[in-house]
Amino acid sequence: MRRSVRILGLAVGVVVALAAFAAGARAFTARAQQAQPVNAEVKIDNFSFGPASLTIAAGTTVTWINRDDIPHTVASEDKLFKSRVLDTDEKFSFTFAKPGTFGYFCSLHPKMTGKVVVQ
Amino acid sequence: MAKKVNDELLHDHNNDGIDRRGFLKCMAWAGTGALCVMQGGVLKSYSLSRMSDLGAAAATTGELSFVQISDSHMGFNKPANPDVAGTLKAAVDKINALSTPPQFLLHTGDISHLSKPEEFDNVDQILKGTGKEVYFVPGEHDVLNDDGAQFRERYAKGSKGAGWYSFDQKGVHFIGLVNVMNLKAGGLGTLGHEQLEWLEDDVKHLKHSTPIVVFAHIPLWSVYPEWGWGTEDSAQALAYLKKFGSVTVLNGHIHQIMQKVEGNVTFHTAASTAFPQPQPGKADSPGPMKVPAEQLRGILGITDVNYVRGQHALAVVDSSLA
């Protein structure tokens, strides 16, 4: 009789411990999701922006870096920002303060388009 | 290697003196340094490795001769061509060796690679070697950071708007157009309302028999829209030129030779003097194309154009730097 009670107690203890662990793990994941990067990067290569669509939190600075062997620019469709011409390995940064969807393109090769979604 | 092949007009279905099947066959050779001469609508084709081998030199002379060069990209220094100054100098040597010296040059843009003053200076210095006047239109690489202010100051003083202008030589009317400004996201080249209005007015009072030569950087016909190789409002421009018996459109931008004939209009794009680009759709993107070093000069080139009074079309002849 006593033995089964001890086993039961042990089982309950394990369950409680597991529950506590799971709760702690969920809290940890939630905190990780809230911790958005303050800096984000877009690589320009092969006549395209990568990623073509980037989602960030308001206040994030996006840096475009040209890895192509031909110059490109980064120009906002709404004339919010426009980089100087970027040769290979040159960068341009812009901080997105307000939420919204911001389309941009390369003014040298206008078929190259991308967007930044600010939440 | 330098075989001479004479193909005369065989099929004239449209009664316009142009054998399209023969023309297309000739165009397939053009990339390997062939010579297609069109005079009075009659097509003659020759395969050659050097301009001087062309026994029909006399057939290509006329009352007006000029050369088109394009896409010198001074300042470019990547593997596709680490010495664009050297290949531009080779183009100058080629020009100076022509049996009929040109009266002037047309440069259809992307003079510089990054719109830097020293890049423009360098091109000017090298082209002085021809001793000829050069008429320029800008490419998208020439109007960076300053909306084309530097380009206009150097090459288009007294022009209108973004730098368009016209002039006459030996009875031929030349029109330099700018289609690389105010490009929109996802768009093609664009001429814009103001320039189109100017063009309509510029040609309004010309006789229909006046030969017209239009030169602009991005092709004025739809070569490959996926890569931006076209001009969205060129149809309107061509409508203003419909009445003329001979219209030649000279473009650059795509770094390869392509031709198209549509009624009275001959469209021609020039090779670059700097680096080649892939044929439409043959690569992921239209960037500089690397070829074995010994093949490079065979793919770069100049275009020689001759006008004979009374003939319907101008003779357009491409030759490589090799």
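Helices (H or I, at least four residues) and strands (E, at least two) are taken as DSSP runs and numbered from the N terminus. The legends below describe a predicted model, in which local features need pLDDT of at least 70 and side-chain atom pairs count only at pLDDT 80 or more, while totals for chains, interfaces and linings use all residues. Residues are numbered from 1 along each chain as its sequence is written, and chains are lettered from A and ligands numbered from 1 in the order in which they are written.

**View 1. The complex and the confidence assigned to chain B.** The predictor gives the complex an ipTM of 0.80 and a pTM of 0.81. Where pLDDT is low, the predicted coordinates should not be read in detail. Between the chains, 18 residues of chain A are in contact with 17 residues of chain B. The side of chain A that touches chain B comprises seven nonpolar, five polar and six charged residues, where Ala, Val, Leu, Ile, Met, Phe, Trp, Tyr, Cys and Pro count as nonpolar, Asp, Glu, Lys and Arg as charged, and the others, Gly among them, as polar.

**View 2. A four-stranded open sheet in chain A.** The strands of this sheet follow the order β3-β8-β7-β5 (chain A), with mixed pairing; two strands pair if DSSP finds at least two bridges between them. Because β3 (53–56) and β5 (75–76) of chain A stand at the edges with a single partner strand each, one side of each is left without a neighbour in the sheet. The pairing of β5(A) with strand β7 (residues 100–105) of chain A is antiparallel and rests on two bridges, with Ala75(A) opposite Phe105(A) in β7(A).

**View 3. Backbone geometry in two loops of chain A.** Most residues other than glycine have a negative phi, and most peptide bonds are trans. The bond from Gly50(A) to Pro51(A) is cis, with omega near 0°, and Pro51(A) lies in the loop between β2 (48–50) and β3 of chain A. Asp89(A), which is not a glycine, has a positive phi of about 75° and is found in the loop between β5 and β6 (91–96) of chain A. A residue is buried if 20 or more other C-beta atoms lie within 10 Å of its own, exposed if 12 or fewer, and partly exposed in between, with C-beta atoms placed from the backbone; with 9 other C-beta atoms within 10 Å, Asp89(A) is exposed.

**View 4. Strand β11 of chain B and its two partners.** Five of the five residues of strand β11 (residues 265–269) of chain B are buried, so this strand is largely enclosed by the rest of the structure. Strand β9 (residues 247–251) of chain B runs parallel to β11(B) and is joined to it by five bridges, Thr248(B) having Thr266(B) as its bridge partner. Strand β10 (residues 258–262) of chain B pairs with β11(B) in the antiparallel sense, also over five bridges, and here Glu262(B) is the bridge partner of Val265(B). Two residues separate the strands in the hairpin of β10(B) and β11(B), where Gly263(B) takes a positive phi near 60°.

View 5. The buried residues of helix α4 (residues 117–127) of chain B are Glu119(B), Phe120(B), Val123(B) and Leu127(B). They cover an arc of only 100° around the axis, which puts them on the same side of α4(B); the arc is that of the directions from the helix axis to the C-beta atoms. The face turned away from the buried side of α4(B) carries the exposed residues Pro117(B), Glu118(B) and Gln125(B). The buried residues of α4(B) pack against α3 (84–96), β4 (104–107), β5 (133–136) and α5 (149–155) of chain B. The buried residues of α3(B), among them Val84(B), Leu88(B) and Ile95(B), are covered by elements including β3, α4 and α8 (293–299) of chain B. His73(B), in the loop between β3 (64–69) and α3 of chain B, has a positive phi of about 45° although it is not a glycine, and counts as buried with 28 C-beta neighbours inside 10 Å.

Definitions and conventions:
Contact = placed C-beta atoms within 7 Å.
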